[in-house]
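This report goes through a few features of the structure shown below.

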Amino acid sequence: MAKKDNIPNDEVKNAAELDDAVVTQDAAVDADLPQESAAEAKPSAGQKIKDWFVSLWDKIKSAFVSERKNEQLALPRELVEKIPPEMLLTDVKLTKKEKVVRFLRSQSGWLFVLPAVLLMCIFTFYPIINAFVSAFKENYNATTHRFDGWGFENFKRVIMSDTGTGGASFVQCLVNTLVFTLVSVPLSTLLALLISVALNSIKPLQKAYQTVLFLPYLTNSLAMGAVFATFFTIIGTSRHVDTYGIVNIMLGWFGVEPIDWVGIGSPTWELGAITIPWAKYVVAIVYEVWSGLPFKILILFSALQSVNKQYYDAAKIDGASRSTVLWKVTAPLISPMISYLLVTGIMGGMKQYSAIVGLFGDQMGFNYDMGTMVGYIYSYIENGKTGYAFAGSVLLFIVIMIITLINTQISKKRVTY
Amino acid sequence: MKISIEHLTKAFPSRNKKGDPVIAVNDMTIEIPSGKLVGLLGPSGCGKSTTLFMLSGLENPTAGRIMFDDEDVTTLAPERRGIGLVFQNYALYPHMTVEQNIMFPLTNMRVPKEEAKARALDAARLVQIEDLMARKPSELSGGQQQRVAIARALVKMPNVLLLDEPLSNLDARLRLQTREEIKRIQRETGITTVFVTHDQEEAMSICDIMVVMKLGIVQQIGEPQHIYDDPNNLFVANFLGTPPINVFKGKAEGGNVYIGSQAVMKKVKVPVKKLHEAEDGTVTEETTNEIISDQELYVGIRPEGFIYDEKGVLTLNVDHIEVMGRDKSVVCEHESSTKPTVRCILDSDVALPDSDKFSFNLKPNKVFLFNAETEERIL
């Protein structure tokens with residue numbers, strides 16, 4: 001009896017789905033002619049969010065429950081009458097037991113992924129969820145697991161930089177990280193593009209240059225950070241200087257006064273609650289750009305090599321200048337790779353830690369004035385205020401998520417696959 | 001614009017460094033009259049695309065000269081030659097819309113945007129894609145992409161339009177349609193057009209002038225029908241025509257031409273060139289018809305050159321008969337044939353007896369004689 005009631009329901013559902021299909025088709029047509037019907041095609045924001053949740057729920061459901069597709073199909077009545085009943089596969093009557101067996105069987109695939117899922121649960125999902133939950137525990141003690149209650153106290157203090165002494169300032173770290181990332185990643189991607197285009201246009205010694213350019217990738221970032229620091233350093237005291245680093249020596253040739261790039265006396269700008277140690281910024285950004293280059297060159301160079309030469313011939317015939325070819329032809333053709341480098345580069349940059357420690361020591365400059373987001377988190381794990389570390393990592397997660405969302409929105413418009 | 005090609009030669013270095021260079025185009029001298037549609041025809045590797053790229057300036061010649069009207073363009077950069085080139089794979093920029101693709105050459109020439117848009121629309125109208133201007137190339141069919149490529153080549157109003165295998169990426173029906181389209185566009189614009197193809201049917205159907213090439217050497221230049229009716233050598237005769245010409249080993253003896261033991265032609269007179277010295281010492285070339293001397297020959301007979309006759313001069317073993325509706329083709333075998341089968345095309349209303357041997361008479365203007373060694377045409 002219940003089954004029979006189901007059939008018309010299915011039919012109604014199908015009809016609704018059909019209507020949906022028609023609507024989306026109309027929307028597609030509208031997209032082509034935006035000037036004609038922009039007003040009527042726009043659903044309200046609330047409706048949009050509701051639709052989004054409904055489609056998300058449908059997706060989740062379909063991932064877990066694999067139904068036999070046929071059961072959803074309601075055949076037209078005249079067709080059902082023509083086909084002998086025993087050959088109708090759409091409406092198979094099952095006993096409860098058969099239904100249970102069929103469901104279990106359809107879920108048997110989980111057995112195969114179980115080991116991987118178990119490991120991921122232990123080492124990935126649990127820590128993530130735990131961090132999110134623990135961020136709301138007040139005065140959490142990592143050794144005794146005691147806490148005073150739930151609330152937003154951690155977040156409040158982190159954002160207000162009211163976390164006591166011994167750790168980094170959240171706003172300072174956030175600004176530092178954003179500046180390092182948003183300056184160095186686009187800059188090094190641009191440089192990598194120019195270098196790989198140049199590399200692609202030379203024939204002799206191409207492989208040798210490629211090898212040399214890739215060498216920094218094989219080097220440890222802590223060690224390279226320390227080496228970079230000596231380039232910029234001033235050794236000695238403020239009264240008596242023993243020796244300058246190579247950068248100061250070279251700037252001296254142009255009459256520039258030696259700058260204490262990485263030391264305690266490094267020049268700064270004060271901007272309200274935060275300090276901008278601009279000289280240290282320069283060092284950090286130069287290092288980040290330089291260390292980011294090899295991988296980016298490798299990727300862009302191989303992308304360039306796979307571009308069909310005929311596009312360049314066509315551009316030549318069309319009278320395009322070199323810069324037009326680079327920006328109007330080459331760059332768009334490898335835009336998927338550029339976008340990949342920007343997205344992963346920014347994600348990686350937001351998690352920067354070891355290079356800054358290599359350059360400025362484990363206090364990340366003077367009392368964490370060069371601190372990064374990850375450095376912030378570590379500093380609070382070290383001094384036992386784990387709650388701030390949890391809150392900091394949740395905030396870092398949110399920041400990375402927002403930037404990545406912006407990235408994908410931009411690349412949707414700019415990137416052609 | 002008239003194109004003169006003089007002694008054009010292109011050599012590529014051989015793969016191993018000590019080897020001889022590969023001669024892709026060998027001492028090519030042709031003249032292309034203004035406003036004509038010219039087809040470079042030949043099997044793959046015959047240097048026809050290389051010739052086209054040298055005309056475009058993308059390849060530099062090793063020797064020779066290219067003249068557009070009276071201007072020597074041999075070493076001129078491609079963008080300064082005033083040419084439009086349509087690539088085999090179209091090479092449309094995938095990230096630009098159709099309109100942006102067509103406008104690209106104009107923006108490089110710094111044409112004001114409004115004018116560029118208007119000219120792009122004109123070019124699009126000419127190839128009938130004005131409805132597709134907002135699409136990306138990936139949203140177009142092969143034929144539409146082809147039209148966009150032609151529009152992009154035409155929009156800068158080139159003096160010469162070059163097409164590299166323009167139809168090879170299209171399906172059979174579209175190919176027929178597009179080749180008529182190319183012919184129409186060429187006629188409407190009056191632009192001197194050179195196109196490259198390996199498909200003799202395509203070349204014959206739309207060319208004003210056809211250039212047949214083999215291994216970098218020009219074999220014959222002329223109107224398609226003329227080349228078909230009067231091929232210079234065995235290669236040209238073989239290359240043109242579907243179904244291809246039937247070639248037999250034969251011999252000339254006592255003025256008669258034999259295939260096997262059958263004399264298919266009697267008292268054959270062939271033109272012989274002779275140098276004639278006049279009394280004042282000027283040497284002129286005279287052609288006289290003389291009875292053919294005894295020699296080994298290739299006898300080429302076009303499939304349509306057979307007339308069914310019970311007392312015909314050539315007897316063939318019938319393998320089977322294919323009925324095509326408009327005509328029928330009798331597929332035969334003969335021991336002297338250089339190909340496995342001999343194909344004779346007859347009118348569909350010719351009544352054929354049920355027999356395994358047919359005799360045919362031959363239409364004289366469909367029979368060619370070639371020297372067995374040089375493969376040059378004798379008659």
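## Two helices in chain B

Helices α4(B) and α5(B) are roughly parallel to each other, a label for angles under 35 degrees. Their axes cross at roughly 15° and come within 11 Å; the axes are lines fitted to C-alpha atoms over the stretch in contact, with angles from 0 to 180 degrees between N-to-C directions. α4(B) covers residues 142-154 and α5(B) residues 172-189. Helices are DSSP runs of H or I with at least four residues, strands are runs of E with at least two, and both are numbered from the N terminus.

The model is predicted, with local features needing pLDDT of at least 70 and side-chain atom pairs pLDDT 80 or more, while totals for chains, interfaces and linings use all residues. Residues are numbered from 1 along each chain as its sequence is written, and chains are lettered from A and ligands numbered from 1 in the order written.

## Where chains A and B touch

The contact takes 14 residues from chain A and 16 residues from chain B. Residues are in contact if their C-beta atoms, placed from the backbone, lie within 7 Å. On the side of chain B that touches chain A, β6 (83-86) and α2 (98-108) each supply at least two residues. The largest share, three residues, comes from α2(B).

## A residue in chain A

A:T211 is in helix α10 (residues 206-214) of chain A. A:T211 is exposed (12 or fewer other C-beta atoms within 10 Å), because 10 lie within that distance.

Methods
Contact = placed C-beta atoms within 7 Å. Buried ≥ 20, exposed ≤ 12 C-beta atoms within 10 Å, placed from the backbone. Parallel < 35°, antiparallel > 145°, perpendicular 65-115°, else oblique.
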